[in-house]
Amino acid sequence: MKPDVNRIRPYGDHYDDGKMQLSFTLPLPSGELAREAARLYLEKMGFSKVQVTWMEPMGEAFSFFVAYGISEHSINVSHIRTHKPEFPLLPFEDLLHLARDKIKKKIVIVGGTTGSDAHTVGIDAILSIKGVAGDKGLEYYPIFRVVNLRAQVSNEVLCAKAAELKADAILVSQVVTQQDQHLNNLKSLLKLLRGEKGLYPHLLKIAGGPRMDHRIAKSLGWDAGFGPGTKPSEVANYIVHELIRRMHGKSEGTSGTSKDRLEGQGAGHTRPKGRSLFGWLSGRGKGS
Ligand code: B12
C-alpha cells in the first residue's frame, strides 16, 4: 500500500483507520468515575470509539490510563520541512585530515550538564572516550581538547570556563524537563554568553538531551540541538564543518546554503582579510 502523502493518518488495526494509543494520568482515585472521566476527556479531544483499556492507581489520589481512540484528522506531509543540522558525515580519518588542514589548531570543547540537573550519562556518551553504541566520544579525537565539567554546573561557571579556555564550542546537556526548566536554563545561559566579552564570535552553542532537537534549540537561539540516539561522530562532524563554515564562509564538501546554516550567523564572523586563520582563532593575529 502506497501512502497518500497529502493525507496521512495513524495506522492501528488496519491501514488509514486513524486509531491511536494514548496514555495519561488524571488526578482522580481509581474507580468507575475516573475511568468514565478519562473516556469523556478523550471524546472531548475529538477521539471517537474511545476504549479505556487500562487503569492503574498511582498512589491514592491519581490514576494512570491506557486508551484507544480514532482520530479523524490527517496530515499533509508533502510540504513539511524537517529540522536537522545538515553536514556531511565523514569517516574518522577524513574528518581529522579536514580539521587539521582547515582549522590548524586544537578545537576546544567545554561541556557539562547545567543547572540542578544531575544526569551525566548523556553528556558522557558524547564527550568521554568510551562514547556510545561503539562510537567513540569526542575525547578520542586528537583534533579536540575536551573539558567535561560533568553535572550540576552553574551557568556562570560554564560561561567563565568557556572564556578562560578560549572555547570553540560549548556542549550542554539537559535531561530534566519538568516545568520547562531545560528551556529556561538554556535561555539564561545564552544571555550570559552574549554578555561575556572573552568568547570567540565563532563559539558554537550546542544543546542536547532526550527531549531536545534541532528545532527547539534553534528556537531558543542556540546553534544546534541533538536528541535521543545521537552519536558522538555526528557531533564531531557538525563541529568541524560548522567551524570551517564560520571561518571560511562555507564548509568543505557542503554547499553551506541550507537555511539552517545561514540563520543567525552574520558575516562579522568571517576571518578578516590578510590575517592568518590561526592568528585570528587564537586572538594573536594582526589587528586583534
Ligand atoms: C540514570 C537516570 C538517573 C540517574 C542519573 C545518574 C547519572 N550519573 O547520570 C539518577 C538516579 C541520579 C537520576 C536522578 C533523577 N532523575 Co533520572 N533518570 C535516569 C534514566 C533512568 C536514564 C537516563 C540516561 O542515563 N539515559 C541514557 C543517555 C545515554 O541518554 P540521553 O541522556 O538521552 O543522551 C543521549 C541523547 O539525548 C544525546 N544527548 C544528551 N545530552 C547531550 C548533550 C549534547 C551536547 C549532545 C550533542 C547530545 C546529548 O546524546 C546521548 C547519546 O545518544 C532516565 C529514564 C530513561 N530511561 O531515560 C531517568 C529520568 C531522566 N530521570 C528523571 C527524573 C525526574 C530524575 C529525578 C528528578 C528523580 C527525583 N525525583 O529525584 C532525579 C534528578 C536529580 C537531578 N538533580 O537531576 C526523569 C526526567 C523526567 C523529565 N522529563 O523531566 C526520567 C526521564 C525518568 C522518568 N521517566 O521520570 N536519574
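Let's call a residue buried if 20 or more other C-beta atoms lie within 10 Å of its own, exposed if 12 or fewer do, and partly exposed in between, with C-beta atoms placed from the backbone. Helices (H or I, at least four residues) and strands (E, at least two) are DSSP runs, numbered from the N terminus.

This is a predicted model, where local features need pLDDT of at least 70 and side-chain atom pairs count only at pLDDT 80 or more, while totals for chains, interfaces and linings use all residues. Numbering starts from 1 along each chain as its sequence is written.

**Overall**

The protein has nine helices and eight strands. Of its 288 residues, 31% are buried. Contacts here mean C-beta atoms, placed from the backbone, within 7 Å. Among contacts in the protein with a separation of 6 or more, 64% join residues 24 or more positions apart.

Start with α4 (155-164). In this helix L158, C159 and A162 are buried. Seen down the axis of α4, those residues fall within an arc of 95 degrees, so they line one face of the helix; the arc is that of the directions from the helix axis to the C-beta atoms. They pack against β4, β6 and α5. Just after α4, K166 takes a positive phi of about 55 degrees.

Now for α2 (92-102), where L95, L98 and A99 are buried. Seen down the axis of α2, its buried residues fall within an arc of 95 degrees, so they line one face of the helix. Their cover includes β4 (107-113) and α7 (232-248). E93 and D101, on the other side of α2, are exposed. After α2 comes K104, with a positive phi near 60 degrees.

**α4 against α5**

α4 and α5 pack at an angle of about 35 degrees, with their axes 10 Å apart. Axes here are lines fitted to C-alpha atoms, for helices over the stretch in contact, and angles run from 0 to 180 degrees between N-to-C directions. On the α4 side the contact uses N155, E156, L158 and C159, and on the α5 side S188, L189, L192 and L193. By class, that makes five nonpolar, two polar and one charged residues. (Ala, Val, Leu, Ile, Met, Phe, Trp, Tyr, Cys and Pro count as nonpolar, Asp, Glu, Lys and Arg as charged, and the others, Gly among them, as polar.)

L193 sits in α5 (181-195). With 19 C-beta neighbours inside 10 Å, L193 counts as partly exposed. Leaving out residues up to four places away in sequence, L193 touches C159, L199 and K205.

**Around the ligand**

The ligand is surrounded by 29 residues, and A118, V121, G122, S173 and G208 are the closest. The shell divides into 15 nonpolar, 12 polar and two charged residues. α3 (121-127), β6 (169-173) and β7 (204-208) each supply at least two of its residues, and α3 gives the most, with five. V121 is in α3, and V121 is exposed, with 12 other C-beta atoms within 10 Å.

| Pair | Apart in sequence | C-alpha to C-alpha |
|---|---|---|
| V121 and A151 | 30 residues | 9.5 Å |
| L193 and L203 | 10 residues | 9.6 Å |

Note on methods:
A residue is near a molecule or strand if its C-beta atom, placed from the backbone, lies within 6 Å of it. Two residues are in contact if their C-beta atoms, placed from the backbone, lie within 7 Å.
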